[in-house]
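Have a look at the sequence and the 3D view, then read on.

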Amino acid sequence: MDLGISDRVAVITAASRGLGRATAMALAAEGVRLVVNARSADQLTLLRDEAGVEVEIVAGDMNDEHLPELLVNRALERFGRLDIVVANNAGPAPGGAFEVTDQQILDSLTANTLSVIRLVRAAQPVMVEQQWGRVCLIASGSARQPMDNLALSNVSRPALWGWAKTAANELTASGVTLNLVCPGAHSTDRLIELGRQDRSYVGHPDDFGRIVAFLCSAYTSYLTGTAVIVDGGRVQGL
């Protein structure tokens, strides 16, 4: 299926591995030109070599408050446009509610809530002016259902979802859609970090990337303000 986004331009953060990389490759397969970000440029160089489309590399930490504006400006300088934003960042460390410190909570909110908000805020004027845009925020199933031993994620992800729902409603008339994508366990380094032992029912990053690509397609103009859960049915809430 042709998603109707060939020659569009996307900014993707934390794109060097895992779900971010899979999303970048899925969009590249649709002919989308990319501005990709991660802390190190080494893995991004490999992505550029494999993507088959024009790729601009911007190394930097998503927690840097100046990075979002840099990413948007780089897209405009290199390609003259920005159509798609996929905001992603590394998940917070595991820990119980009474184990995490004040600083860990603040760091998690910066990394998994505020950094994403900053990026969307930087891209919003460009997309509103052109009356077209797709924003996908890669979060976690914890945005919809608290997860055991993931207190930091259980704080920061629902906070992002609350902001995103508000922002999506404000963007509705502008032709810009904004959705959360909430992955469960996938075959990534994050799965190893969390020490998950049962890997009998785990998603594949490539499939996840294709779902995000569809949300960024020409056919989803009426799909906004949603939290799409991609977890094999693990979240039980209605």
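## Helices H4 and H5

H4 and H5 cross in a right-handed way, where right-handed means that the near helix is turned clockwise from the far one by less than a right angle, and left-handed means anticlockwise. Keep in mind that this is a predicted model, where local features need pLDDT of at least 70, side-chain atom pairs count only at pLDDT 80 or more, and totals for chains, interfaces and linings use all residues. Residues are numbered from 1 along each chain as its sequence is written, and side-chain values use heavy atoms, with hydrogens and water left out.

**How H4 and H5 pack**

- Two packed helices are described by the angle between their axes and the distance between the axes.
- For H4 and H5, the axes come within 8 Å and cross at roughly 20 degrees; axes are lines fitted to C-alpha atoms, for helices over the stretch in contact, and angles run from 0 to 180 degrees between N-to-C directions.
- H4 and H5 are therefore roughly parallel (angles under 35 degrees count as roughly parallel, over 145 as roughly antiparallel, 65 to 115 as roughly perpendicular and the rest as oblique).
- The names come from DSSP runs, numbered from the N terminus: helices (H or I) have at least four residues and strands (E) at least two.
- Among the residues making the contact are Ser108, Leu109, Thr113 and Val120 of H4, along with Ser156, Ala159, Leu160 and Trp163 of H5; contact means heavy atoms within 4.5 Å.
- Sorted by class, the contact of H4 with H5 has 12 nonpolar, six polar and one charged residues (Ala, Val, Leu, Ile, Met, Phe, Trp, Tyr, Cys and Pro count as nonpolar, Asp, Glu, Lys and Arg as charged, and the others, Gly among them, as polar).

**Two residues at that contact**

- Thr113 lies in helix H4 and counts as buried, at 7% relative accessibility (buried means under 20% relative accessible area, exposed over 50%, partly exposed in between, with a 1.4 Å probe and protein chains only).
- Leaving aside neighbours within four places in sequence, Thr113 is in contact with Ser108, Ser156, Ala159 and Leu160.
- Ala159 sits in helix H5 and is partly exposed, at 33% relative accessibility.

**How H1 and H7 pack**

- H1 (residues 18-29) and H7 (residues 205-215) pack at about 55 degrees, with axes 7 Å apart, which makes H1 oblique to H7.
- Their contact includes Ala22 and Ala26 of H1, plus Phe208 and Val212 of H7.
- That contact has eight nonpolar, three polar and two charged residues.

**The nonpolar cores**

- The largest nonpolar core has 35 residues; such a core is a set of buried Ala, Val, Leu, Ile, Met, Phe, Trp, Tyr and Cys residues joined through side-chain atoms within 4.5 Å.
- H4 gives the most to this core, with seven residues.
- Another core, of 31 residues, lies apart from it, and Ala26, Val55, Val181 and Val230 are among its members.

**Positive phi in the loops**

- Ala14, in the loop between E1 and H1, has a positive phi of about 50 degrees although it is not a glycine.
- Gln131, in the loop between H4 and E5, has a positive phi near 60 degrees.
- Gln131 is partly exposed, with a relative accessible area of 46%.
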